[in-house]
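Could you walk me through this structure while I have it open in my viewer? I would like to know what to select next and what is there.

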Amino acid sequence: MGQAIYTEQFDNGLVLVAEAMDWLESAAFCLLTPAGCNRDPDDRPGLANLTRELAERGCGPRDSRQFISALELLGADTSAAVLVAHTSFGGTMPAESLFPTLAIYADVVRRAHLPADQLDDARLVCLQEIRSLDDDLSQRAFLELRRLLYGEPQGRSASGTADGIEAADIDDVRRCFEATYRPDGAILSVAGKFTWPALRDHVAALYADWAPRPPRELIDTPEAERILHLPHDSTQTHIAIGYPSIPYRHPDYYEARAAIGVLSDGMSSRLFTEVRENRGLCYAVQAHCHSLRDRGSVLCYAGTTNDRAQETLDVVLAELRRLAAGIAVDELERLKAGLKSSLIMQQESSAARSSALAADWYHLGRIQTVDQVRSVIDNLSCARINAYLASHPPRDFRIVTVGEQPLETSRGIS
Amino acid sequence: MEFRKQTLDNGLEIVAECAPRAYSAALGFFVKTGARDECDENHGVSHFLEHMVFKGTATRSAADVNRQLDEIGSHSNAYTSEEQTVYFAAFLPEYQARAVELLSDILRPALRPADFETEKLVILEEIAKYEDQPPFGAHEKCLAAHFGGHPLARSVLGTAASVARLSRDQMMEYFERRYSPRNIALVAAGNVDFDALVALADRCCGAWTPYDAPREIYRAPPHAGVEVFCKPNAAQEYMIQVCNGPASEDEDRYAGRLLATVLGDECGSRMFWELVDPGHAESAEMSVCEYQGAGLFMTQLCGPPEDTADNYARLNQLLAETEADGVTEAELEQAKSKICSHVVLGSERPVNRLFAVGGTWLTRRCYRTVRDVTDCYRRVTSEDIAALLARYPLSVQTAVAVGPLQDAEQVVGPRETRALRTATARKK
């Protein structure tokens, strides 16, 4: 069955990408505005998150309570998050609620009240978020790892810092909203039950007269630090390992992704087998590909009790290095089965498809159909994956540990 | 959508909600056993056994099982709760036969001693992982305090000491007592060939020996009290508070879930507006826990230690007002929209229907369509909620706090402490 995929680029830069899934009763959307934490001013880390918090406290004709009540009466299950390059608003709802929900979100991104009398409350909410990270040790390890890998400003934490949140005033929030809630660079994806002409016209009425803003360049500052230990009196040592890889848009991306799949997807993957099944070192161990638009990395995590942490780190690093020697045909065949199942099961979820559409457009500037991806998966071969691995062996590791003692990491540096 | 059901000669029930147009199928063995069926000597065995089920059979090694689950591209996993142990897989329809054969086989595990010792290390790591993770065991500690000597007081994971003590023979004894085909349902949802499923299940599971696997069910006595566990290096204070509520077989459970949504849904609830939106607390949410013969309203409250006493007072004020005045019609309608939409949207994935159909069958031996379920919510009135509040007073509660605070007075304030201590003393 061919997929019904539609795109429309408005003059102001906003792109609407949509996939009709008539067999569902739901619809889902994802609205990415270029209000990522990579745009936070250097002395206001966390400003995008504070702005997002205030943007949801009243918009258009609704105050804060009316906003939430309207969405709940529509049966819309919504969420918002600040990412590195975007602020993302999204939700899943019964198909008949799609249009009114999109209208409400047009108010959020274009006509948010940003009420000054709620700034203190919003600030407290953001500070709670920062504080909660102190107790989330694996998340802390990952945030630090991303900082080491991507530097400034792409490796930032969206939560920012307490100082940044405390320093931001309502004018900062309004300036941030003005500058970054903008149609140029924004993507609206919709998947589920709808008719395309009606959707296109509805979105045009809501967003086509949204005025673009002048662009601003970002300047990268790489991070020189490679190894970091955060002392913490904890039962486990939380180990995060990363190394540079290629982004989603790279022609060899699926080769890189397949190699990491062999390492970590499924119960017969190498990490699961060597770290957990054969040695009982961990309950949780995994690796995945992470992609920004212009660069990517591989991120690994293992959590293990303190006296077994060194062995765990050594075994994970050994498995990463062993990848360079290549993968076997049976490993690839199992991986293909899993990837294809996941791909087909995406068709059962409007939310999964709307996220995939937005990600495709942001990274590739086009939409890959399920058939196209299936064909890419079918054509993966050990020869090509192994050639990729030989020319891109895992190396230049960054290692972050949170736990009682630092670990011996010199074997990780190459 | 068609519901099908058949029982094998040995008592294994096979139930399925067949949706021929679905892209995928999901299948699960729902075993009616869990932490409440354990005793002090084998505490943690249900969950440990769930891990061991993937470690091989008479004809398959652990590596074979893992490899073959991946070969069919399945999303497979298992979980253990106080009352159920569920082994499941979601897969494309063409793999149905292989999935049935594989899952059936692993339900008769070999429990090899070497695998047992290695997997014990993994379980101990899992316990350690939760020790490091918010809310730092507050949930288990609260249930232990609330249920006291009742079987539901036992945590699913067990403790490091209880798991370390477990022997392979104890596990085999537990398996042979609980994994009777009469105590298991084979459940399927999505694009399932039911006749083929029954035929293959009969071939794979028909020889399993049946026996009775009874469970002790009695109501838990009401309990009230507050306990504090000091964890000096935590940044936030984590509280779990429970009150009695409807059990899984009680018809007023729909009213209970609606009440919990009005009071403590993540967004738009009374707790959200009173505690989270103003930034007093990081989170304040109420959910329901339903068991056979017992139920709970469970509230989790997390925030800065220095604000905990104030937040706890705000929470209790809100609960007292609700107990006295009930909920408004507008709140009830909003909660109905939210829950019904969630039920309907969730039903699009066969794997979600698997858990709904399987859970209902295991606890109540009946089948409910998505429409049946949403109708039950739609019928609830504000009078039903008032009756529920009279039956389950929110003011009788057990609370546990884990975080930097050192004693009950710091957590609940001096006057509250006296009242709660008195309540506890009266029970003894």
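Here is a short tour of this predicted model, going from a core to the chain contacts and then to a sheet.

**The cores.** Start by selecting Ala259(A), Val316(A) and Leu103(B): of the 114 residues in the largest nonpolar core, these touch the most other members. Now colour helix α9 of chain A, residues 253-264, which supplies the largest share of this core with eight residues. For a second, separate core of 68 residues, pick out Phe10(A), Leu47(A), Cys176(A) and Ala186(A), which are among its members.

Back at Val316(A), show what surrounds it: leaving aside residues up to four places away in sequence, it touches Ile241(A), Leu271(A), Val275(A), Cys300(A) and Ala302(A).

**Where the chains meet.** Next, display both chains: 49 residues of chain A are in contact with 48 residues of chain B. On the chain A side, select α4(A), which gives the most, with eight residues. By class, that side of chain A has 16 nonpolar, 19 polar and 14 charged residues.

**A sheet in chain B.** Move to chain B and find the open, mixed sheet of five strands in the order β7-β11-β8-β10-β9. Its edge strands are β7 (225-230) and β9 (283-291), and the twist averages 15 degrees from one strand to the next. Zoom in on β7(B) and β11(B) (residues 398-403), which run parallel and are joined by six bridges. Gly225(B) has Thr398(B) as its bridge partner there.

α9(B) (residues 253-264) lies across β9 and β10 of chain B, at about 170 degrees to β9(B). Helix α11(B) (residues 308-325) packs on the sheet, touching β8, β9, β10 and β11 of chain B.

Terms used. Residues numbered from 1 in each chain as written. Chains lettered and ligands numbered in written order. Predicted model: local features only at pLDDT ≥ 70, side-chain atom pairs only at ≥ 80, totals over all residues. Core = buried A, V, L, I, M, F, W, Y, C linked by C-beta atoms within 7 Å. Buried ≥ 20, exposed ≤ 12 C-beta atoms within 10 Å, placed from the backbone. Helix = DSSP H or I, 4+ residues; strand = E, 2+ residues; numbered from the N terminus. Contact = placed C-beta atoms within 7 Å. Nonpolar A, V, L, I, M, F, W, Y, C, P; charged D, E, K, R; others polar. Pairing = 2+ DSSP bridges. Axes fitted to C-alpha atoms, helices over the stretch in contact; angles between N-to-C directions.
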